[in-house]
Amino acid sequence: MSVVTISNLQRITAVKLAEMLLASPNQSPSDATIAVVDVRDDDHIGGHIKSSLHFPSRSLDATMPTLLRKLASKEVVVFHCALSQQRGPTAALRYLRESEATLKKLVPKADEGAERRAAKKQQVYVLDRGFVGWQEIYGPDERLTEAWRRELWEEDY
């Protein structure tokens, strides 16, 4: 059973995430080893991290099985919302718990060591300060951000 809670989820800074994304610039999203999951709802405007997957938090109940399949091969998964205070961390925690439950069903009881090795293979993070913090640094950077609209970010979020 997982001992991960909202308070001890791993965090990643925008700078570190940008370094990771720029380290493999020519990979298609399906071949990339890192995935960014944007769980903003109606506030998914003004831009997004390039190649991110948009899975609105309000529909995670229905889309979690799809998300689990899409992310199964990724080494690093980063969740975020606008500020990464509620929706992003909640989605990351739910993803961790659902993927752990799925793994338990697939791995025989006799091979719990394999379960632990497989679970350690994927690192799950929450983006510190969410997209608001990201766009402050990388909004205009077209290598990292798509559909960014400066006029929407001129006033504080």
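Helices here are DSSP runs of H or I with at least four residues, and strands are runs of E with at least two, both numbered from the N terminus. By that count, the protein has 6 helices and 7 strands. The model is a predicted one.

Some totals describe the chain as a whole. The protein has 157 residues, and 41% of them are buried. Among contacts with a separation of 6 or more, 71% are made by residues 24 or more positions apart. The exposed surface comes to about 9200 Å², with 51% of it supplied by carbon and sulfur atoms.

Helix 5 is worth a separate look. Of its 9 residues, 7 are buried, so the helix is largely enclosed by the rest of the structure. Those buried residues are Gly130, Phe131, Val132, Gly133, Trp134, Gln135 and Tyr138. Their cover includes two helices, helix 1 (14–23) and helix 6 (150–153). Strands also contribute to the cover of helix 5, including strand 3 (48–49), strand 5 (76–80), strand 6 (123–127) and strand 7 (145–146).

Within this helix, which spans residues 130–138, lies Gln135. Is Gln135 buried or exposed? Its relative accessible area is 7%, and because buried means under 20%, Gln135 counts as buried. Which residues does Gln135 touch, leaving aside those up to four places away in sequence? They are Pro140, Trp148 and Trp153. Of these, Trp153 falls in helix 6 (150–153), one of the elements that cover the buried residues of helix 5.

Key: Residues numbered from 1 in each chain as written. Predicted model: local features only at pLDDT ≥ 70, side-chain atom pairs only at ≥ 80, totals over all residues. Heavy atoms only, no water. Buried < 20%, exposed > 50% of the residue type's maximum accessible area, 1.4 Å probe, protein only. Contact = heavy atoms within 4.5 Å. Areas by Shrake-Rupley, 256 points an atom, 1.4 Å probe, with all protein chains shown as cover.
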